[in-house]
Number of protein chains: 2
Amino acid sequence: MRQAGRFLPEYRALRERHGFLELCKTPALAAEVTLLPIRRFPVDAAILFADILLILEPMGVGLEFAAGDGPVIHRPVRRREDVDGLLHAAPEQALAFVLDTVRAVRTELAARTPRVPLIGFAGAPFTLASYLIEGRGSRDYVHTKSLMYGDPAAWHALMERLAEATVDYVKAQIAAGAEAVQLFDSWVGCLGPDDYRTYVLPHMKRALAAIGAAGVPVIHFGTGTGALLELMREAGGDVIGLDWRVDLAEAWGRLGDGVGVQGNLDPVALFAPPEEIRRRVARILERAAGRPGHVFNLGHGVLPATPVAHVAAVVDAVHELSARA
Amino acid sequence: MRQAGRFLPEYRALRERHGFLELCKTPALAAEVTLLPIRRFPVDAAILFADILLILEPMGVGLEFAAGDGPVIHRPVRRREDVDGLLHAAPEQALAFVLDTVRAVRTELAARTPRVPLIGFAGAPFTLASYLIEGRGSRDYVHTKSLMYGDPAAWHALMERLAEATVDYVKAQIAAGAEAVQLFDSWVGCLGPDDYRTYVLPHMKRALAAIGAAGVPVIHFGTGTGALLELMREAGGDVIGLDWRVDLAEAWGRLGDGVGVQGNLDPVALFAPPEEIRRRVARILERAAGRPGHVFNLGHGVLPATPVAHVAAVVDAVHELSARA
């Protein structure tokens with residue numbers, strides 16, 4: 001999960017001097033933010049600091065991060081002609097700053113002991129489409145589903161376009177040095193299984209197959225996906241991300257053999273007293289026991305008000321309790 | 001699901017002249033709002049117009065519906081002493097206006113052919129607690145879970161208090177004439193199964209057993225509860241509400257015999273073209289086929305921007321397609 005963020009005072013200090021997009025687009029700064037949690041906690045991997053929506057800006061839709069309001073797309077995609085009007089740009093040019101960040105982080109990480117791998121970072125087509133169509137975060141996804149149900153051909157054209165862009169972007173991150181990739185389908189849990197099968201699965205299958213061919217592990221992440229896990233497995237990925245709403249052992253049972261899982265501590269559990277955090281970490285490790293391929297993580301991102309010491313408590317508990325197991 | 005609301009022009013006209021709480025607290029108006037959908041659509045039941053938070057006001061926490069902002073609790077419950085400071089009041093006095101509304105609706109319904117039953121309406125303890133603690137709607141439930149994890153004794157005391165108040169309130173609605181009851185645990189899906197089992201299940205079991213003793217059918221509703229269904233069944237209720245994120249047949253299979261289900265059309269599907277709405281209604285009826293005890297409904301409330309004609313299309317499709325089946 002994104003480890004760097006507003007919960008870290010050193011991140012907040014950087015944000016006082018730099019806009020969010022400026023941080024993302026300045027490789028030296030983005031690399032520094034990527035490394036902040038590595039400097040502070042003995043975590044086992046670094047995850048690229050970026051935003052899933054960066055890929056949308058070169059499409060010409062007018063991406064802005066308005067203070068306090070989250071991302072805004074000034075020219076949302078609502079009709080077929082909006083889909084057809086999206087611009088194409090190779091990530092090596094349009095998103096060169098991300099690839100430069102990957103290279104800068106890899107150089108820094110190479111100088112460190114122990115060796116910590118870098119996980120690349122990208123949004124999945126459905127979640128990207130939901131922002132493109134809504135123009136901002138959403139609760140109900142009315143515009144997204146209206147396009148999906150009302151003009152399926154336009155929907156599929158958009159998903160194809162986004163899947164293709166995502167594959168190119170992720171492969172460019174891998175070529176630049178990302179040693180694994182996490183694909184965030186953060187909001188796909190707003191769909192039922194039938195809709196996932198019809199409107200998302202074919203695109204995810206193709207995208208994940210193409211990314212998988214690049215030869216690095218792929219983490220396929222979503223939230224609220226308790227009823228979609230089998231379909232996410234069918235879509236692909238070496239590791240399926242689980243949020244805290246499912247029991248890890250039960251969910252892994254449904255996913256079957258030959259796939260890892262990532263998860264699934266509730267980010268809000270980090271507001272609990274440290275002994276309760278430890279109990280919850282132990283419970284998750286216990287539920288994962290006996291099966292290789294568990295990546296301990298939160299079920300979603302670290303919340304801004306999270307006490308830093310409690311993040312440290314999680315990292316320590318995971319290391320101590322898994323060494324003991 | 002609440003059928004009356006902002007999607008109806010006659011409701012919006014009433015709201016131009018009356019505040020939301022004023023509507024709720026004036027039995028003649030609340031009864032009229034309850035009956036609006038009955039007058040417009042050939043639905044098979046009326047559901048009491050009320051707000052789940054009305055029960056909190058007599059506890060002395062300062063409930064307000066601020067225009068555009070949703071409900072606000074001016075003195076949220078965050079610590080044990082806040083829980084202990086909640087006031088007690090019998091629903092027959094403090095919520096007499098709701099009971100008068102129930103009586104007024106029953107009188108009106110008795111004069112109509114065909115006979116349409118009235119479903120009572122109340123929030124479930126967890127969802128009530130989440131508003132009481134957060135002070136407003138929430139995305140992450142940080143304060144709610146912080147109390148739950150940080151002071152379980154205070155949490156359980158609060159849940160006991162809310163469960164008791166809910167039982168009294170629902171029984172009073174039944175005594176006044178409600179012929180079934182829907183208990184809304186709208187936000188309980190933010191919890192994983194372990195937390196539900198520890199922090200919610202015992203209270204729901206007791207409350208649903210007490211309500212069940214009153215002898216009318218109880219619909220136990222939640223959203224995002226794909227991983228909680230077996231536990232919700234264990235908690236009780238004659239019918240379990242399903243949202244659109246689960247497959248109806250698969251979910252009902254997990255719930256087992258001897259329980260009905262309600263659901264599960266996505267409210268956003270009502271923005272689709274009528275023929276697509278019809279296809280989706282047919283699909284749900286098909287998934288429910290062969291089992292008695294299915295209450296067709298949306299998976300959550302009707303959204304304000306929903307076209308009225310599309311609500312009519314759902315009602316017509318359900319009647320026509322289930323008569324055919």
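1. Let's start with Ala249(B), which sits in helix H12 of chain B, a helix covering residues 248-255. Please keep in mind throughout that this is a predicted model. Is Ala249(B) buried, exposed or partly exposed? With 16 other C-beta atoms within 10 Å, Ala249(B) is partly exposed, because a residue counts as buried at 20 or more such atoms and as exposed at 12 or fewer.

2. Next, the way the two chains are related. Chain B is superposed on chain A by a rotation of 180° with 0.0 Å of shift along the axis, and the RMSD is 0.0 Å. This is the relation of a two-fold axis.

3. Now the place where the chains touch. Here, 28 residues of chain B are in contact with 28 residues of chain A. On the chain B side, helices H8 (142-150), H10 (193-212) and H13 (274-288) each supply at least two residues. Which element gives the largest share of that side? The answer is H8(B), with 5 residues. By residue kind, the chain B side divides into 14 nonpolar, 6 polar and 8 charged. The copies meet through the same surface, because 100% of the interface residues of chain B are also interface residues in chain A.

4. Strands in a sheet pair through backbone hydrogen bonds, in either a parallel or an antiparallel sense.

5. Strand E5 (residues 180-185) of chain A pairs with strand E6 (residues 218-222) of chain A in the parallel sense over 5 bridges, and Gln182(A) stands opposite Ile219(A) in E6(A). Strand E7 (residues 239-241) of chain A also pairs in the parallel sense with E8(A), over 3 bridges; there, Val239(A) has Gly260(A) in E8(A) as its bridge partner. Why is strand E8 (residues 260-265) of chain A described as largely enclosed by the rest of the structure? The reason is that 5 of its 6 residues are buried.

6. Chain A is divided into domain 1 (9-241) and domain 2 (266-325). Taken over C-alpha atoms, the centres of these two domains of chain A are 25 Å apart.

7. Finally, the core. In soluble globular proteins, nonpolar side chains tend to be buried together. The largest nonpolar core here has 215 residues, and those with the most contacts inside it are Leu48(A), Leu56(A), Leu48(B) and Leu56(B). Take Leu48(B) as an example: leaving aside neighbours within four places in sequence, its contacts include Thr34(B), Val102(B), Val105(B), Leu118(B), Ile119(B), Phe121(B) and Ala178(B).

Conventions: Residues are numbered from 1 along each chain as its sequence is written. Chains are lettered from A and ligands numbered from 1 in the order in which they are written. This is a predicted model: local features need pLDDT of at least 70, side-chain atom pairs count only at pLDDT 80 or more; totals for chains, interfaces and linings use all residues. A nonpolar core is a set of buried Ala, Val, Leu, Ile, Met, Phe, Trp, Tyr and Cys residues joined through C-beta atoms within 7 Å. Two residues are in contact if their C-beta atoms, placed from the backbone, lie within 7 Å. Domain bounds come from an automatic or database domain assignment. Helices (H or I, at least four residues) and strands (E, at least two) are DSSP runs, numbered from the N terminus. Copies are superposed by least squares on the C-alpha atoms of residues with pLDDT of at least 70 in both. Two strands pair if DSSP finds at least two bridges between them. Ala, Val, Leu, Ile, Met, Phe, Trp, Tyr, Cys and Pro count as nonpolar, Asp, Glu, Lys and Arg as charged, and the others, Gly among them, as polar.
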